[in-house]
Amino acid sequence: MKTKFDEAVSEFVQGVEAHGSKDYKVASNHFKKAAELFEQLREEELEEQPQSIAIGNLYQARANYHHSIADYLNFKMHEYDSAVNSYEKAIADKKTAIKTVRDLIKEQLVTDEKLPLELEAELYGLQATRFECLAQISIQNKNLEKAAGYFQEAREEFQNKEKLYANLQNPYEQKLARVDKIKCEGLHYECSGLEYLKKQKNKQAKELLTKAQERYQEAVNLNPEWQALSQALERVNHVLLKI
């Protein structure tokens, strides 16, 4: 017979699987249920070890719930303002999860010392995607200079994520973070170049757009199946032909 703890873990795992399949609404429902169960477990009289794990997982589930909502608003609905709010909630809960897990490790109640580092890598990803949303809002407001700045900040967060996964010896996640980093470099140069083009400073515009072209090409080479990268490359190529 399944215990409440087993149920909570099952909901959490199903949430991870659904989020990985980009079924963000289903994922958020699973994480919400997992968080509710972990909250109940925290309040119940349990052996020290399972209760401690429940506390750590509670904040992870909460963070993942807000992350799934944010990704749905960002990638499916393109409602960037609302997505930023959800990313901020996810970031706050992820930070609490990291602190909780580190405390549990100090107390020798959790033995997986890689876990807080993995959570930290996820935190960098959340912070980066929040900056990307802020950049999209700036683009909608026709403020390309501000958007370029946000893409640069996103790039730095993805670089931190890439380095952390390198230290964790996770080449798959390291490569994904690297592609995201290079993509943001391209977007930074593209926005900066278009801003110069708007001011009719064609020489500076061409230099920056050429850098964007190079970054997008590098990203496409690393992940040729990511259609958005190919579209970005075509977009910049088209602009360069007109300068």
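The legends below describe close-up views of a predicted model.

Local features are given at pLDDT of at least 70 and side-chain atom pairs only at pLDDT 80 or more, while totals for chains, interfaces and linings use all residues. Residues are numbered from 1 along each chain as its sequence is written, and side-chain values use heavy atoms, with hydrogens and water left out.

**View 1. Lys183 in helix H7.** Lys183 sits in helix H7, residues 171-198 (helices are DSSP runs of H or I, at least four residues, numbered from the N terminus). Lys183 is buried, at a relative accessible area of 11% (buried is under 20%, exposed over 50%, partly exposed in between, with a 1.4 Å probe and protein chains only). Neighbours within four places in sequence aside, Lys183 is in contact with Glu132, Tyr216, Trp226 and Leu229 (contact means heavy atoms within 4.5 Å).

**View 2. Lys22 in the loop between H1 and H2.** Lys22 lies between helix H1 (4-20) and helix H2 (24-43). Lys22 is not a glycine, yet has a positive phi of about 65°. Most residues other than glycine have a negative phi. Lys22 is exposed, with a relative accessible area of 51%.

**View 3. Gln108 in the loop between H4 and H5.** The loop that holds Gln108 runs between helix H4 (80-106) and helix H5 (115-140). Gln108, also not a glycine, has a positive phi of about 60°. Its relative accessibility of 68% counts as exposed.

Technical notes. Helix = DSSP H or I, 4+ residues; strand = E, 2+ residues; numbered from the N terminus.
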